[in-house]
Amino acid sequence: MRLKQTLIAAIFFVAVLPGCSEQNAQIVSENGSIDFIEPEAEFPRIRFADGQVSLNDRCPVRKVKLNRRMPPIYVNGKPIGFC
């Protein structure tokens, strides 16, 4: 019985591990302008160099204004800004 469980676990890990090595997050290069959308707002969104706008309007970590110098992380193709 234990050998059967070990064999099933080994097959599972062999099937799942290649998917774990894919990189689903990307860091954008800083070529181009990175600007606030509404600079007068308390928590403005950022338009990144690739033209996309951040999904969030404040830092998910500290809950403060986003930092234009901090590169976003793309989740499902959408940029998330940080502080």
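Predicted model: local features only at pLDDT ≥ 70, side-chain atom pairs only at ≥ 80, totals over all residues.
## Overall architecture

The chain contains 1 helix and 4 strands. In sequence order these elements follow the pattern α-β-β-β-β.

Of the 83 residues in the chain, 18% are buried. The accessible surface amounts to about 6400 Å², and carbon and sulfur atoms contribute 57% of this area. Among contacts with a separation of 6 or more, 31% are between residues 24 or more positions apart.

## Nonpolar core

The largest nonpolar core has 5 residues: Ile34, Phe36, Ile46, Phe48 and Leu66. In soluble globular proteins, nonpolar side chains tend to be buried together.

Ile46 is a member of this core. With neighbours within four places in sequence left aside, Ile46 contacts the core residues Ile34, Phe36 and Leu66.

## Disulfide

The model has 1 disulfide. The bond is between Cys59 and Cys83, with an S to S distance of 2.2 Å. It links distant parts of the chain, as the two cysteines are 24 residues apart. Cys59 sits in the loop between strand 2 (46–47) and strand 3 (73–75), whereas Cys83 belongs to the segment after strand 4 (78–80).

Cys59 has a relative accessible area of 1% and is therefore buried, the limit being under 20%.

## Salt bridge

There is 1 salt bridge in the structure. Its partners are Asp57 and Arg58, whose closest N and O atoms lie 3.2 Å apart.

Both partners fall in the partly exposed class, because their values lie between the 20% and 50% limits. The relative accessibility is 34% for Arg58 and 23% for Asp57.

## Gln52 in the loop between strands 2 and 3

Gln52 is located in the loop between strand 2 and strand 3. Its relative accessible area is 27%, so Gln52 counts as partly exposed.

Gln52 and Pro79 are 27 residues apart along the chain, and their C-alpha atoms are separated by 7.1 Å.

Note on methods: Residues numbered from 1 in each chain as written. Heavy atoms only, no water. Core = buried A, V, L, I, M, F, W, Y, C linked by side-chain atoms within 4.5 Å. Buried < 20%, exposed > 50% of the residue type's maximum accessible area, 1.4 Å probe, protein only. Contact = heavy atoms within 4.5 Å. Salt bridge = Lys/Arg side-chain N within 4 Å of Asp/Glu carboxyl O. Disulfide = S-S within 2.5 Å. Areas by Shrake-Rupley, 256 points an atom, 1.4 Å probe, with all protein chains shown as cover.
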